[in-house]
Amino acid sequence: MSDPDARRDGLAASPGGRQDAVPSDVDLGRVWLGVAAQVWRRQPSWLERAAGRLLRSPGLARALVTTPSLLIGWITATLVVLVAGILATLGTGTPFVALLAPAVAAAGIAYAYGPGIDPAWELSGSMAVSDRMVLLVRALAVFGLNAALGLAASAASGAAAAVTFGWLVPMTAVCALALAAATLARSANVGVAAGLAGWAITVLAAQAANGRFTAAVTDSALVVPYLAFAAGCGAIVAYATRIPRGTS
Amino acid sequence: MNVEISDLTRRFGRTQAVAGVTLATGPGVFGLLGPNGAGKTSLLRMLATVIPPSSGRLRLLGRDPGVYGPRREIRRRLGYLPQNLGYYPGFTVVEFVEYFALLKDMPAGRVPGAVATAVERVGLGDKARAKLRTLSGGMLRRVGIAQAIVNQPELLLLDEPTAGLDPEQRVAFRALLRELGQHATVIVSTHLVEDVGAACSQVALMDQGMLVFHGTPGELTARAEGTAAAGDAPLERGYSAVLAAARSTAAARS
């Protein structure tokens, strides 16, 4: 609670302590604010500028570059999950990792940014840029980074490649699809729906690529697991993006 | 009128936090008084579009916040300081204010100047590049005020804004409130009666989710006349008198 005029007085004082060195028609308070704006301004990185243009929102771009996916804790957690996934795949020879990992990752995002976890959740809920859009951007950043790390690991290990191409890359694509849909439709709900549909298509496409498409869609034993998985994803997304009716 | 509320209610499970509030106000500083649990914060959260009403009619800045497009437009013109300001400890003061300026959809070119103005207005110019984790509670409160006013809001909602401020800062803050109230509707929720007396042109008093008084600070003071209401200052005695009358009426009804 201060007046920039106080700064103006500081600026107006000449080295000799005289106050009359500045013409009276110069608003030094305004001058100081201009100086402060330039000195304090944070130059956006090329990544943030590009994201701002792509997303048509500087706010979303800032959310993207400040996401914890770019922090050391998340990178460490990503590596741990990746290694655990590789070991589980090698040890069991089953595709549990491909089925469970997206849900685990999505839950992680939900709990990392949800109410009670994100310190500024309440404030974010009153912003013009929807917090659901911010969540989608962050999810894309997390999966994008994970996919990049997985691709790097794939060069050294076939199991890493299986995990990476089995779910990391598809999930990145799904998040990108959701974000693109949300950006175009200006609705995070549309994006979430597109993402879920994209994931379902991805799973079925993978089955088709393995020559098991017919079994995947006709085997009645798989219906319940599919429904359970879809319900789980839906619940996670609903929790992660939940905002009371009528507020977003 | 920037805020038009009609028979607004909000329930959390079986608890009715806000019970049929009707209110309309234009530019100026509006004080919202009441004891803890009176429903002030719930009402403010509805006005901030953070939670929707359970029932009733709400129009903000001439728009319906229940519809996506108008709600986004309202949020662009809104400033909100929650009771518990969450913050990212690793952000600097400027980064925090700038982040929320961008999320308010301010044009990117206007943001640096607006951030500098807001940070200076709350007297944090010398802490502009300090990490939030290094600031005192009072300074963090001022950071919260800076993010709330950075977009020059037409509707400014402040929940316990003077909590943690020292007396000198509170005096300066009241002056800032009066200045902001010349052009915007400023709603200040507080249980500090002296804040209302010093800065507000209108005051409402809530108790048990209901609005039990709406008028000027002078009218609230006058309610104490002829009563033995407790309080150290005239406005406090008016506050106590209105609360006591409201509670005896409620008790008589039940």
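## Terms and model

Two strands pair if DSSP finds at least two bridges between them. Helices (H or I, at least four residues) and strands (E, at least two) are DSSP runs, numbered from the N terminus.

This is a predicted model: local features need pLDDT of at least 70, side-chain atom pairs count only at pLDDT 80 or more, and totals for chains, interfaces and linings use all residues. Residues are numbered from 1 along each chain as its sequence is written, while chains are lettered from A and ligands numbered from 1 in the order in which they are written.

## The sheet of chain B

Gly79(B) faces Leu156(B), a residue of E6(B). E5(B) and E6(B) run parallel and share four bridges. They belong to an open sheet of six strands with mixed pairing, in the order E5-E6-E7-E3-E8-E9 (chain B). From one strand to the next, the twist averages 15 degrees.

E8(B) and E9(B) pair in the antiparallel sense, with five bridges. Ala204(B) has His214(B) in E9(B) as its bridge partner. Two residues lie between the strands of this E8(B)-E9(B) hairpin, where Gln208(B) takes a positive phi near 50 degrees.

## Helices across the sheet

H6(B) lies across strand E3 (28-33), E6 and strand E7 (185-190) of chain B. It runs at about 145 degrees to E7(B). Axes are lines fitted to C-alpha atoms, for helices over the stretch in contact, and angles run from 0 to 180 degrees between N-to-C directions.

Helix H9 (residues 234-253) of chain B lies across E3, strand E8 (202-207) and E9 of chain B. Its angle to E8(B) is about 40 degrees.

## Helix H5

Helix H5 (residues 137-149) of chain B has 13 residues. From first C-alpha to last it reaches 19 Å, close to the 18 Å expected at 1.5 Å a residue (1.5 Å times one less than the number of residues).

Ten of the 13 residues of H5(B) are buried, so the helix is largely enclosed by the rest of the structure. A residue is buried if 20 or more other C-beta atoms lie within 10 Å of its own, exposed if 12 or fewer, and partly exposed in between; C-beta atoms are placed from the backbone. Among the buried residues are Met139(B), Arg141(B) and Arg142(B). The buried residues pack against strand E5 (78-81), helix H3 (93-103), helix H4 (111-121), strand E6 (155-159) and helix H6 (167-180) of chain B.

## Around Thr41(B)

Thr41(B) sits in helix H1 (residues 40-47) of chain B. It is buried, with 20 other C-beta atoms within 10 Å. Beyond its neighbours within four places in sequence, Thr41(B) is in contact (C-beta atoms, placed from the backbone, within 7 Å) with Gln83(B), Asp159(B) and Ser189(B). Thr41(B) and Pro82(B) are 41 residues apart in sequence, yet 8.3 Å apart in space, C-alpha to C-alpha.

## Chain B as a whole

Chain B has nine helices and nine strands. Its C-alpha trace spans about 60 × 40 × 30 Å along the principal axes. Of its 254 residues, 52% count as buried. Among contacts with a separation of 6 or more, 64% join residues 24 or more positions apart.

## Contact between the chains

The contact takes 29 residues from chain A and 41 residues from chain B. Helix H1 (4-12), helix H2 (28-40), helix H4 (58-65) and helix H7 (121-124) of chain A each supply at least two residues of the side of chain A that touches chain B.

Key. Two residues are in contact if their C-beta atoms, placed from the backbone, lie within 7 Å.
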